Amino acid sequence: MPTKTLQIPTTDGQADAFAAFPGVGGPHPGVLMYADGFGIRPVLREMARELAGHGYYVLVPNFFYRHGPAPVVELPEYIGEEARPAVFAQVMPLIKAHTTERVLSDADAYLEFLTTQPEVSAGPVAVTGYCIGGLLAVRTAAAHPGQVAAVAAFHGPVGAVGPDSLSKLTAHVHFGHAETDITPEALYELNQALDTAGVDYTSEIYPGTVHGFTMSDTDAFSPSGLQRHWDRLLPLLDRTLVNN
């Protein structure tokens, strides 16, 4: 599976990024993948390669690039319960500094870069994200309604975008929530907002999961949750993007 380390020009400098794509055929539909708050690391590269194996060019930007190249925060190989407080103490200030203005400015740059890569086919793209990356994915899709055909977010605080942004979504949507991230009442309210906005979506709580369930290098990992994520994500992309 071919991979590349890339530099994406932005209004604030250069964002380092990782890309994975099929080694044969092409060009391929583009997918912008936002990491969780722990950033680009082996598990994210593995997930990008897995998705690329299904016929997509997958671009994973370091959205904390203003603070340095990935890994911005030094991480243990396995992020267990004991390591979490120290890691979160470093990550949370970066998340707070990543304002909506920065998110939207960067999204413009990421999508322009993605769609001009020679391995990427013309036409719409998809955006997917994990944890805080799920929120970034939804903000990106809402800001680019004509360009983003599908958006998926997993254990992400997607409700934080608010009804106004949800109403701008034209993409097909899937939200996979952790049991610990959202109550059934809050899920009902979120889904009502999506219904009101006329969004084509699925939005569900994944049984037996906690926040971060897709990430195999953390103690939140759920093999069944990760599999359900693939079972939802791959058909969504297959329906909305044309594989060449």
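Arg232 and Glu204 form a salt bridge, with 2.5 Å between the closest N and O atoms. A salt bridge here is a side-chain nitrogen of Lys or Arg within 4 Å of a carboxyl oxygen of Asp or Glu. Arg232 lies in helix α7 and Glu204 in strand β8, so the pair ties together parts that are 28 residues apart in sequence. Helices (H or I, at least four residues) and strands (E, at least two) are DSSP runs, numbered from the N terminus. The structure is a predicted model, in which local features need pLDDT of at least 70 and side-chain atom pairs count only at pLDDT 80 or more, while totals for chains, interfaces and linings use all residues. Residues are numbered from 1 along each chain as its sequence is written, and side-chain values use heavy atoms, with hydrogens and water left out.

Burial was assigned from relative accessible area: buried means under 20%, exposed over 50%, and partly exposed in between (1.4 Å probe, protein chains only). Glu204 is buried, because its relative accessible area is 18%. Arg232 has 28% and is therefore partly exposed. Helix α7 spans residues 223-240 and also holds Asp238. Asp238 is exposed, because its relative accessibility is 53%.

The whole structure contains eight salt bridges. In one of them, Arg41 pairs with Asp217, and the closest N and O atoms are 2.6 Å apart. This pair links distant parts of the chain, 176 residues apart: Arg41 is in the loop between β3 and α1, and Asp217 is in the loop between β8 (201-206) and α7. Arg41 is buried, at 5% relative accessibility. Asp217 is buried as well, at 9%. Another salt bridge joins the side chains of Arg84 and Asp219, with 3.3 Å from N to O. Arg84 sits in helix α2 (residues 84-97) and Asp219 in the loop between β8 and α7, 135 residues apart. Arg84 counts as buried, at 13%. Asp219 is partly exposed, at 34%. Asp12, Arg66 and Asp106 are linked in a network of salt bridges.

Phe38 lies in the loop between β3 (30-34) and α1 (42-52). With a relative accessible area of 12%, Phe38 is buried. Contact means heavy atoms within 4.5 Å. Leaving aside residues up to four places away in sequence, Phe38 touches Leu75, Ile79, Arg84, Val87, Phe88, Val91 and Thr218. Its C-alpha atom is 21 Å from that of Gly13, 25 residues away along the chain.

Strand β4 (residues 57-61) is largely enclosed by the rest of the structure, because five of its five residues are buried. Tyr57, Leu59 and Pro61 cover one side, and Val58 and Val60 the other. Two strands pair if DSSP finds at least two bridges between them. Strand β2 (residues 13-20) runs antiparallel to β4, and four bridges join them. Ala17 stands opposite Pro61 in β4. Strand β3 runs parallel to β4, with three bridges. Here Gly30 stands opposite Tyr57. The chain passes from β3 through α1 to β4 in a right-handed β-α-β crossover. Right-handed means that, with the strands pointing away from the viewer, the path from the first strand over the helix to the second runs clockwise. The buried residues of α1 are Val43, Leu44, Met47, Ala48, Leu51 and Ala52. They pack against β2, β3, β4, β5 (125-130) and α7.
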